[in-house]
Amino acid sequence: MRGVNPFGTRIADVERAAERTILGLPFYGMVWPVSGPGIGAPSLGRGDTWVPRRNLRVFEDKDFAPEYNTVESVEFYAVPGEDDGTWNAVYFDSPRSLGPKLALANDRGLAGAGLWGTGDTPGLP
């Protein structure tokens, strides 16, 4: 049948849905224990939330220069872990990484984008 996709949804309904869709973007990062300092190094365990406000010292370091991961459009840096030879890989968004994501929302005709954070409210975890 014309105008219906294989899942039975009318194409016009899907196109209108974009106008009512908001792209949700977290305004925090993630940190994982990994086996080496490079982007995509194998994970050695569970990741954890990385809150920019709790890591201001990183941004204040004049030598801080995160690497931009073009595949995932995200900033990346790695720091040595404990004395066991592991590393901690940190992935987070920045103006440079948010630009392509917001452009995607605009190009697709979405209603907009929304950012949410965690750990930014004083007195709360």
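**Exercise 1. List the residues in contact with Phe 92, leaving aside its neighbours within four places in sequence.**

Solution. Contact here means heavy atoms within 4.5 Å. With that cut-off, Phe 92 touches Gly 29, Trp 50, Phe 59, Phe 64, Pro 66, Val 74, Glu 75, Tyr 77 and Ser 97. The model is a predicted one, in which local features need pLDDT of at least 70 and side-chain atom pairs count only at pLDDT 80 or more, while totals for chains, interfaces and linings use all residues. Residues are numbered from 1 along each chain as its sequence is written, and side-chain values use heavy atoms, with hydrogens and water left out.

**Exercise 2. Decide whether Phe 92 is buried or exposed, and find the largest nonpolar core.**

Solution. Begin with the term: buried means under 20% relative accessible area, exposed means over 50%, and partly exposed lies in between (1.4 Å probe, protein chains only). Phe 92 has a relative accessible area of 4%, so this residue is buried. Next comes the nonpolar core, a set of buried Ala, Val, Leu, Ile, Met, Phe, Trp, Tyr and Cys residues joined through side-chain atoms within 4.5 Å. The largest one has six residues, namely Val 31, Trp 50, Val 58, Tyr 77, Val 90 and Phe 92. A second, separate core has five residues, among them Val 34, Val 74, Phe 76 and Ala 89.

**Exercise 3. Describe the geometry of the ring pair formed by Phe 59 and Phe 92.**

Solution. A pair of aromatic rings is described by the distance of the centres and the angle of the planes. Rings of Phe, Tyr and Trp (its six-membered ring) pair if their centres lie within 6.5 Å, and planes under 30 degrees apart count as stacked, over 60 as edge-to-face and the rest as tilted. For Phe 59 and Phe 92 the values are 5.7 Å centre to centre and 85° between the planes, which is edge-to-face. Phe 59 lies in helix α2 (residues 56–60) and Phe 92 in strand β6 (residues 87–92), so the pair ties together parts that are 33 residues apart in sequence; helices (H or I, at least four residues) and strands (E, at least two) are DSSP runs, numbered from the N terminus. Finally, ring pairs link Trp 50, Phe 59, Phe 64, Tyr 77 and Phe 92 into a cluster.

**Exercise 4. Locate Ser 97 and state its accessibility.**

Solution. Ser 97 belongs to helix α3 (residues 95–107), and with 0% relative accessibility Ser 97 counts as buried.
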